[in-house]
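Biologist: I would like to learn how to read strand pairing and ring pairs in a model. Please take one feature at a time.

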Amino acid sequence: MVTCMLVGCDSQAKPNTETVKKADSEKTTEVTKKETETQPTEQDTQKAQEPIVGNAAGVANWHDTVEQIKEKESLTLSLDDDGSGAIVYNTTLNGNDTWLRYYTDSDYGCYEVSYLIYDFGLDTNWCKSEFDSLVSLLTSKYGDPSVNGVKQLTDLAGVSGEDVDFLVGNIQYEAIWNLDDKVIDIMAYYDSSSNNLKIELDYLAPDYSGQGCVNSDTNGL
């Protein structure tokens with residue numbers, strides 16, 4: 001009798017090995033699942049780090065503050081404020097001396113990145129050739145633009161021929177890409193204030209519509 005009782009007690013004290021293994025396995029699976037759910041995916045990380053202008057240059061993301069841009073940008077700062085709300089760096093674009101300008105809003109953050117090639121003088125052939133080259137590069141990356149052609153600026157356009165019209169500011173050349181994450185606008189034009197032909201390439205936040213404003217029909221970036 002004593003022997004049976006001892007055996008019985010010993011049998012009850014031993015845990016079921018299969019049950020323990022199953023419980024441990026379920027705990028491990030649950031922990032792994034929770035860790036996986038809290039870790040950002042590779043796609044999320046790439047999206048968060050993707051710069052506005054892809055591989056063109058420039059380091060900012062939409063909504064970046066001036067301080068964040070300065071921390072990211074390795075170029076030498078040229079102007080801390082150009083008078084229009086932009087911080088300016090000297091760089092090159094397609095081999096040409098260029099001002100790189102980041103525009104920020106105190107509420108929104110960075111809403112525009114602009115490249116200004118400023119050293120064409122009055123050489124219409126050079127300026128137009130560089131414009132065509134940049135449009136070709138952008139087209140190879142983003143597809144055909146929604147707008148690409150001559151924009152009339154004054155009623156005198158067409159009187160003296162296209163080259164003269166371009167030289168005196170009657171027309172400008174322009175191409176525009178309307179993309180999901182940005183609007184790209186490139187223009188070749190005559191700047192009367194400096195008596196110089198210029199090319200401006202702007203990358204614009206698609207949901208920015210003015211000081212501190214975000215269009216209500218978009219979700220931002």
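Biologist: Which residue in E2 is the bridge partner of Leu79?

Modeller: First, the model is predicted: local features need pLDDT of at least 70, side-chain atom pairs need 80 or more, and totals for chains, interfaces and linings use all residues. Residues are numbered from 1 along each chain as its sequence is written, and side-chain values use heavy atoms, without hydrogens or water. Strands are DSSP runs of E, at least two residues, numbered from the N terminus, and two strands pair if DSSP finds at least two bridges between them. Here the partner of Leu79 is Val88; E1 and E2 (residues 86-93) are antiparallel over two bridges.

Biologist: What is the strand order of the open sheet?

Modeller: The eight strands run E1-E2-E3-E4-E8-E7-E6-E5, with antiparallel pairing. E1 (77-79) and E5 (147-152) are the edge strands, each pairing on one side only.

Biologist: How is a pair of aromatic rings described?

Modeller: By the distance of the centres and the angle of the planes. Rings of Phe, Tyr and Trp (its six-membered ring) pair with centres within 6.5 Å; planes under 30 degrees apart are stacked, over 60 edge-to-face, the rest tilted. The whole structure has nine aromatic pairs. Tyr108 and Tyr208 are edge-to-face, at 5.1 Å and 65 degrees. Tyr108 lies in the loop between E3 and E4, and Tyr208 in the segment after E8, 100 residues apart.

Biologist: Are Tyr108 and Tyr208 buried or exposed?

Modeller: Buried means under 20% relative accessible area, exposed over 50%, partly exposed in between (1.4 Å probe, protein chains only). Both Tyr108 and Tyr208 are buried.

Note on methods. Helices (H or I, at least four residues) and strands (E, at least two) are DSSP runs, numbered from the N terminus.
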